[in-house]
Each structure stands twice: as C-alpha cells, then as structure tokens.
Amino acid sequence: MDEVQDLTLVGVRLLHILVGDSPNLLLLVGDGQQAVHPGGFRMSDAGIDIRGDRGQVLRTNYRNSKQILDAALEVVADDAFEDIDGLRTPGRREVDLAYHDGQVVRVTEPGLAEHDQALPDALAALPSGALADAAVLCPSTRTIDRYQRLLTQAKIPVCLLEHYDGNPVDAVKLGSYRRAKGLEFKHVYLPQYDTLLPGGNTGGADVAETARERDEPVRSRLFVAMTRARDVLWLGIVAG
C-alpha cells in the first residue's frame, strides 16, 4: 500500500485485519513529509509493530535534481514530521540524489496580468512534443478554471489531470496539487505559487506557533507539487 501517510487510522487497521500479522504479507510505503491531510497516527496505534528491521527509511531521491529538491525543502524546512513511529525528522533532511540535471526558474512579474502572460509564453517556448511531459499545477478549483481558460485562449492544448490516464497525450496536464500526487513530469509550472507561502505573524509567539501549525498541510501540498518536477520547476510570483 503506497501513500500510507494519507490513510486514516481506521483504514490502516482494516488493512491489518484483512492481511493479518504473518511475516511479509503487508508492505506499507509512505512519506510523512508529503502528508496533505491534518491529523496523524502511529502504526502502533493500528497494532502494527515496525520496530527494528521491520521499518526502513528510504533516503534516495530518484526524481528531483538538487536545485529542485532544495527549493521544495525550503518550504517545509521548519516543519518536523514523523517518518517512522516515534522518530521526528527535521523538514530539511539529508537525501541522497540519483538525478542531478535540473533547474528552478523563478518568474517575478509586477502584476497578475503580466504573470498570466508569462505562463503561456513559457509553455509555448517548449520544443515540439514537450507538452506531453509538462504540467500546470494549481492549489484550488478556482485557479484551475482560471488557467484552463487562459491556456485555451492562448491555443495551448490542455488535458485535465482528472481525465489523464498516464498514456502520452500532446497537451499540458492541468490539475490540483493533490491530484498530482504520485505523478511526475519533466516540466512543472506553479502559477502564483508564492500566495501559499506563509506570511509573518504579529500576534506574539503563541499566535505565530498556532498559525505555523495551521499552515503545515498547506506547505505539505506545495512541497508535493514542487517535487513533481524532474527537469524544470517554474515558479510564478506576482510582486504587486
């Protein structure tokens, strides 16, 4: 079972009951840093013992270049997470890389209109056939609708992720951060990505800590979106 970090405790208990506790019958794979739902639990709460060599931490990243991974880890650097029962891991963790060619492109425009022109311009500049391995990811349905209209007006073919079955199609994939989980693309574009970055707080230490905890799932979703990129991560920023 993959993406186990987003299962509920009831779901994991059900899996455990269905499979039983005999050796090598249940393999759970997950990344606590990519949890996009609030809450959480330990495997021991579900009656699953992963102490000793029953639990292993995988430390090699086979998708992202150092530049892309560093940019994504910066977003969650202050958020500790649980990878193995009882083991709190810093957000900026040490990772071995198997892939090294990639780049982060930050595009800052003075206004939304200029930003929204830069996105289709960047997609139109891709070589022939590259749209098949490109994705525009958005945080909400409203922004998905916005960029579907914008890209269609620019005559850039679009395939919504909800209709994407994994087979090659010569169109940019468009969908939410959540729906992109488990997928990867050579080119990933995050329009207005800076709107999800946490801002400062002026209400004192307690208020700041509460806001930080509240925003953790938001940062996790942004981390997921950024790490879908293999070759190029395009980050759109509106300065005004």
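The model is predicted, so to speak from the record: local features need pLDDT of at least 70, side-chain atom pairs count only at pLDDT 80 or more, and totals for chains, interfaces and linings use all residues. Residues are numbered from 1 along each chain as its sequence is written, and side-chain values use heavy atoms, with hydrogens and water left out.

Let me begin with the cores, a nonpolar core being a set of buried Ala, Val, Leu, Ile, Met, Phe, Trp, Tyr and Cys residues joined through side-chain atoms within 4.5 Å. Buried here means under 20% relative accessible area, exposed over 50%, and partly exposed in between, with a 1.4 Å probe and protein chains only. The largest core has 24 residues, and those touching the most other members are Leu 137, Val 188, Leu 190, Leu 222, Met 226 and Leu 233. Two or more residues come from each of α2 (66-75), β6 (134-138), β9 (185-190), α5 (205-226) and β10 (229-238), where helices (H or I, at least four residues) and strands (E, at least two) are DSSP runs numbered from the N terminus. The most, six residues, come from α2.

Turning to helix α1, residues 9-19, the buried residues are Val 12, Leu 15 and His 16. Seen down the axis, they fall within an arc of 100°, so they line one face of the helix, the arc being that of the directions from the helix axis to the C-beta atoms. On the other side of α1, Val 10, Ile 17 and Leu 18 are exposed.

Finally, Arg 146 sits in helix α4 (residues 141-153) and is partly exposed, at 28% relative accessible area.
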